[in-house]
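Q: I would like to learn how to read helix packing and aromatic pairs in a model. Can we go through one case at a time?

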Amino acid sequence: SAIHATLQRAHAHFTATGKARPLEDILHDFEENLQNAPLNKDELATYLQKGSDTLTAFIEAKQHTFKPTQKAELNFSHQNVYIGNAHLTGSLDLVDIEDKMLVVTDYKTGKAARGWTGKTDYEKIKLHKYRQQLMFYNLLVLHSRDFSKYSFEKGVLQFVEPTPNGEILALEATFTSDELERFRQLLTAVWQKITTLDLPDTSTYEPSYKGILAFEEDLLAGK
């Protein structure tokens with residue numbers, strides 16, 4: 001949360017002034033944001049050092065991509081987005097709009113990934129959820145009042161933390177109409193289950209990536 005708030009201010013500064021926020025100011029913003037978190041003295045020191053190192057590496061590698069026209073923390077709470085009866089909202093970390101095309105970037109502070117496949121079950125689950133998050137943003141844009149006129153070019157997962165060898169990685173995704181339709185149906189099914197308190201028993205599903213996919217298929221089948 002502290003890193004997200006810090007990057008939001010860095011983007012807002014660029015938008016307001018047309019100039020990059022100095023690194024020392026960015027790190028000061030991060031320290032202030034972190035001090036608002038419920039951390040003890042040792043935790044604060046640990047996360048302050050880790051976060052400062054992460055932000056320094058990220059800003060040095062990516063600040064040249066910041067643009068005054070980018071929109072940070074774009075809130076969709078008043079965009080009147082509905083999928084069936086489901087009312088959707090959310091805030092997008094970063095949005096680039098150019099030539100009627102729109103790119104949504106979501107900042108991630110966890111371990112970076114080089115691809116969408118994942119090697120372990122944990123990685124597969126995490127990447128599955130990340131991909132669904134980008135699909136959710138695609139639907140937000142597609143059904144919004146002010147941004148539906150733009151073409152959703154792609155979603156980007158931008159990892160903030162560098163790899164052990166210092167790389168700053170990102171994953172990109174585009175979605176077919178079939179993928180979006182399946183996810184739209186899944187959202188509708190979940191909304192129906194929640195609003196009617198028809199909460200299914202999940203104890204029969206494996207606590208795994210395979211189990212998640214099976215649960216989703218049953219939701220789509222109306223079970």
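**Helix packing and ring pairs**

A: Helix 2 (residues 23–35) and helix 3 (residues 41–62) pack with their axes 10 Å apart, at an angle of about 145°. This is a predicted model.

Q: Which hand does the crossing of helix 2 and helix 3 have, left or right?
A: The crossing of these two helices is right-handed.

Q: Which residues of helix 2 and helix 3 meet?
A: From helix 2 come Leu-23, Ile-26, Leu-27, Phe-30, Glu-31, Leu-34 and Gln-35. They meet Leu-44, Tyr-47, Leu-48, Gly-51, Ser-52, Leu-55, Thr-56, Ile-59 and Glu-60 of helix 3. By class, this contact has ten nonpolar, four polar and two charged residues.

Q: At what angle do helix 4 and helix 6 pack?
A: Helix 4 and helix 6 (residues 209–220) pack at about 40°, and their axes are 8 Å apart. Helix 4 contributes Asp-121, Lys-124, Ile-125, His-128 and Gln-132, while helix 6 contributes Tyr-209, Ile-212, Leu-213 and Glu-216. Sorted by class, the contact of helix 4 with helix 6 has four nonpolar, two polar and three charged residues.

Q: What is in contact with Asn-138, leaving aside its neighbours within four places in sequence?
A: Asn-138 is found in helix 4. With those neighbours left out, Asn-138 is in contact with Phe-152, Phe-175 and Leu-180. Its relative accessible area is 6%, and buried means under 20%, so Asn-138 is buried.

Q: What describes a pair of aromatic rings?
A: A pair is described by the distance of the ring centres and the angle of the planes. In this structure, a search of the whole finds five aromatic pairs. One of them joins Phe-76 and Phe-147, with ring centres 5.5 Å apart and planes at 35°, so this pair is tilted.

Q: Where do Phe-76 and Phe-147 lie?
A: Phe-76 lies in the loop between strand 1 (71–75) and strand 2 (81–83), and Phe-147 in the loop between helix 4 (121–142) and strand 6 (151–159). The pair therefore ties together parts that are 71 residues apart in sequence.

Q: Are Phe-76 and Phe-147 buried or exposed?
A: Both are buried. Phe-147 counts as buried because its relative accessibility is 9%.

Q: Which residues do ring pairs link into a cluster?
A: The cluster consists of Phe-76, Phe-147 and Tyr-150. The rings of Phe-147 and Tyr-150 have centres 6.2 Å apart and planes at 35°, so that pair is tilted.

Q: What sits over the ring of Trp-116?
A: The charged end of Arg-131 does, 5.7 Å from the ring centre.

How values were computed: Residues are numbered from 1 along each chain as its sequence is written. This is a predicted model: local features need pLDDT of at least 70, side-chain atom pairs count only at pLDDT 80 or more; totals for chains, interfaces and linings use all residues. Side-chain values use heavy atoms; hydrogens and water are left out. Rings of Phe, Tyr and Trp (its six-membered ring) pair if their centres lie within 6.5 Å; planes under 30 degrees apart count as stacked, over 60 as edge-to-face and the rest as tilted. Helices (H or I, at least four residues) and strands (E, at least two) are DSSP runs, numbered from the N terminus. Buried means under 20% relative accessible area, exposed over 50%, partly exposed in between (1.4 Å probe, protein chains only). A charge sits over a ring if NZ of Lys or CZ of Arg is within 6 Å of the ring centre and within 35 degrees of the ring normal. Contact means heavy atoms within 4.5 Å. Axes are lines fitted to C-alpha atoms, for helices over the stretch in contact, and angles run from 0 to 180 degrees between N-to-C directions. A crossing is left-handed if the near helix is turned anticlockwise from the far one by less than a right angle, and right-handed if clockwise. Ala, Val, Leu, Ile, Met, Phe, Trp, Tyr, Cys and Pro count as nonpolar, Asp, Glu, Lys and Arg as charged, and the others, Gly among them, as polar.
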